[in-house]
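I opened the notebook to record what I looked up in this structure. The entries follow in the order in which I made them.

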Amino acid sequence: MRQPIMFAHLTDTHINVPDKNPLFEIDATKKLRDMFAELGKLSQKPAFVVISGDLTQDGDVDDYRHLREVLDEEKAKLGVPVYVALGNHDSRPFFREGYLREQPSEESYYYSFMEDGLRIVVLNTQVPGTHGGRLDEEQLAWLRDVLAAPAPNGTIIVHHHPVVPTMTPLMDSHLLDNPQDLAAAIEGSDVIGLLSGHIHCNNIGLFQGVISAAATGVAFGIEPTGNDSMKFVDNSGYNLVLVKNGQMIVHPMAMAGDQSIVFEWKMDAAHAHA
Ligand SMILES: [Fe+2]
Ligand SMILES: [Fe+2]
């Protein structure tokens with residue numbers, strides 16, 4: 001029998017270069033560094049860290065350069081690899097230039113990697129220029145091709161926009177536009193779980209028969225206050241994910257913050273933000 005694998009799922013870091021337009025006066029860089037410090041104190045070190053998008057708040061090239069510096073330092077201290085996905089606040093060209101240190105381009109960013117027989121597929125649900133999420137046919141075809149051959153320890157998919165219905169219509173308006181296409185792509189495959197972000201709160205349910213878990217944000221959390229309103233709160237969290245006996249088990253970890261309300265949002269007051 002295979003040894004269990006444990007890793008950390010973080011999401012929604014919303015980092016900018018220091019002192020530039022700090023979101024809700026929150027120091028997102030400190031939030032991220034504090035979270036890595038927490039990971040370093042765990043009795044069992046995660047095998048890797050994966051971050052499911054909204055890496056930056058503004059998506060400028062300097063924001064990605066800053067994020068890369070911070071993550072390079074933190075992953076060196078922790079001693080494990082860090083993988084990232086893109087979210088609606090991210091920019092493909094500036095991510096490629098500032099984070100990947102490549103030529104800037106609009107090319108979508110999705111890939112898979114293997115860790116001790118567990119396959120992680122990182123998707124890109126962002127639709128450039130919008131806050132919405134969708135998987136285009138090219139990426140779905142790639143996903144079907146990847147999943148055609150099973151991995152020894154199953155597959156977990158990481159993506160930004162969630163697929164499981166939430167507690168409120170307002171949050172439901174932030175889900176992936178075409179979950180039926182993702183469901184069709186994973187049907188009959190070795191996928192044992194899906195991990196997402198974007199809604200900045202824990203939301204866990206079944207999708208196509210497997211567990212789908214959206215995590216709260218590194219930078220801040222969101223709590224529904226009604227069907228058409230929610231509050232943004234100064235707290236943080238991440239999920240420890242255990243793969244054991246062919247199952248994905250999700251263990252939410254909270255970092256309290258000061259719990260102050262940094263922003264309140266009514267449906268009719270603004271468009272998509274998370
Ligand atoms: Fe988002
Ligand atoms: Fe976000």
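**Strand pairing, sheet and helix packing**

I took helices (H or I, at least four residues) and strands (E, at least two) as DSSP runs numbered from the N terminus, and I counted two strands as paired if DSSP finds at least two bridges between them.

I noted for the record that this is a predicted model, in which local features need pLDDT of at least 70, side-chain atom pairs count only at pLDDT 80 or more, and totals for chains, interfaces and linings use all residues. Residues are numbered from 1 along each chain as its sequence is written, chains are lettered from A and ligands numbered from 1 in the order in which they are written, and side-chain values use heavy atoms, with hydrogens and water left out.

**Entry: strand 7**

I looked up the neighbours of strand 7 (residues 191–196). Strand 9 (residues 210–214) runs parallel to strand 7 and is joined to it by four bridges. Strand 6 (residues 155–158) also pairs with strand 7 in the parallel sense, over four bridges; here Ile157 stands opposite Leu194. I then asked whether strand 7 is covered, and found that six of its six residues are buried (under 20% relative accessible area; exposed is over 50%, partly exposed in between; 1.4 Å probe, protein chains only).

I traced an open sheet of five strands in the order 3-2-1-12-13, with mixed pairing. Its edge strands are strand 3 (82–85) and strand 13 (247–255), each pairing on one side only. From one strand to the next, the twist averages 25 degrees. Axes are lines fitted to C-alpha atoms, for helices over the stretch in contact, and angles run from 0 to 180 degrees between N-to-C directions.

Strand 2 (residues 49–52) and strand 3 run parallel, joined by four bridges; the bridge partner of Ser52 in strand 3 is Ala85. Helix 1 (residues 28–41) packs on this sheet, touching strands 1, 2, 3, 12 and 13, and its direction makes about 40 degrees with that of strand 12. Contact means heavy atoms within 4.5 Å.

**Entry: helix 4 and helix 6**

How do helix 4 (residues 137–147) and helix 6 (residues 179–186) cross? I found that their axes come within 9 Å and cross at roughly 20 degrees. The two helices are therefore roughly parallel to each other (angles under 35 degrees; over 145 is roughly antiparallel, 65 to 115 roughly perpendicular, the rest oblique). The crossing is right-handed, that is, the near helix is turned clockwise from the far one by less than a right angle.

Leu140, Leu143, Arg144 and Leu147 in helix 4 meet Asp181, Leu182, Ala185 and Ile186 in helix 6.
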